[in-house]
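Good morning, colleagues, and thank you for your attention.

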Amino acid sequence: MTQALPQVALGRSRLVRFLTDISRSETQVSHRQFTERLGELIDFSDSITLSDAHARDLVVECEDVASFSAGVTEEFLRARSRLVQAAMRSFFPSTGPSRIRWPAEESTPPATPTDAARPYLKFYQQQQVDVDSKIRGLHLRTRQTVAALSAKLARICAIDEALGDALALHSRGYLGAVPGLLGQRLGYLYAQYQKTVNEGADADAAWRDTREQYRREAQGLLLAEIEARLLPALGLIEALNEEIPNED
């Protein structure tokens, strides 16, 4: 039986919520503001590309959407599960092989917030590169498969490709800023660690607790980022499932 796809509203994206909690920002973006900002990100040449995606004739290899939908959806869900599991294993190296591994515990607590954060930010940035590569591949495979199933889906996929190209630079910039926000959070946690030690707590024990908090916060943020990066491919899967006649 096909797993249910998660329903994700833009305003309630886990990444948005997580970064909002870190920054304590109460700013809300209306639908009108979102549309205006999106328009500002797309220049004239991108608009022409999007228009061409709407207008051009598309070759469709198969019109039997229902017979292929379950398999395409199951493959997407399996790939997503493998990606998430691999990312989560890296936070707990003892649970299985992982190319990117959570930093080993220091022999002594770091002396400065910069020293404390450096290996964990490097780990997070390595994870970003890894998940970006995997998700771009998954998105491309999903688009190619879905586009072959119907004329309507082929047009949606053409628009998805054009819009993705138009927003790629901006997306990289926004996601590239995430480690900086994480660094600010780790700096705050290190200051709390120093305060605890100054109040008489054992430095080694306090650092172990802080390091565990680093792990929890980085793990939650990475999961949220993976969810956000998967949204375009998930949108194609949802479009595919909407093409299937309702049998209820």
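Let me begin with a question: at the start of α8, which backbone nitrogen does a side-chain oxygen of D202 reach? The answer is the backbone nitrogen of D204, and the side-chain oxygen comes to within 3.3 Å of that atom. Please bear in mind throughout that this is a predicted model.

Let us stay with α8 for a moment. This helix has 40 residues, and at 1.5 Å a residue it should span 58 Å.

I turn now to the chain as a whole. It contains eight helices and zero strands, so to describe the order from the N terminus one simply writes α-α-α-α-α-α-α-α. Of its 248 residues, 37% count as buried. The chain exposes about 14800 Å², and carbon and sulfur atoms supply 53% of that area. As for contacts between residues at least 6 apart in sequence, 82% of them join residues at least 24 apart.

My next topic is the aromatic residues. How many aromatic pairs does a search of the whole structure find? The search finds nine. One of them is formed by F91 and W102; this pair is tilted, with 5.5 Å centre to centre and 35° between the planes. Both F91 and W102 lie in the loop between α4 and α5, so the pair ties together parts that are eleven residues apart in sequence. Are these two residues buried or exposed? F91 has a relative accessibility of 2% and therefore counts as buried; W102, at 8%, also counts as buried.

A further pair consists of Y190 and W207, and its geometry is edge-to-face: 6.3 Å centre to centre, with 70° between the planes. This pair links distant parts of the chain, since Y190 belongs to helix α7, residues 178-198, and W207 to helix α8, residues 203-242, 17 residues apart. Y190 counts as buried because its relative accessibility is 2%, and W207 is likewise buried, with a relative accessible area of 2%.

Finally, which residues form one aromatic cluster? They are F91, W102, Y120, F123, Y190, Y193, W207 and Y214, a group that takes in the members of both pairs I have described.

Note on methods
Residues numbered from 1 in each chain as written. Predicted model: local features only at pLDDT ≥ 70, side-chain atom pairs only at ≥ 80, totals over all residues. Heavy atoms only, no water. Phe/Tyr/Trp six-rings, centres within 6.5 Å; stacked < 30°, edge-to-face > 60°. Helix = DSSP H or I, 4+ residues; strand = E, 2+ residues; numbered from the N terminus. Buried < 20%, exposed > 50% of the residue type's maximum accessible area, 1.4 Å probe, protein only. Contact = heavy atoms within 4.5 Å. Areas by Shrake-Rupley, 256 points an atom, 1.4 Å probe, with all protein chains shown as cover. Expected span 1.5 Å × (residues − 1). Polar contact = N/O pair within 3.5 Å; in protein donor to acceptor, adjacent residues only side chain to side chain.
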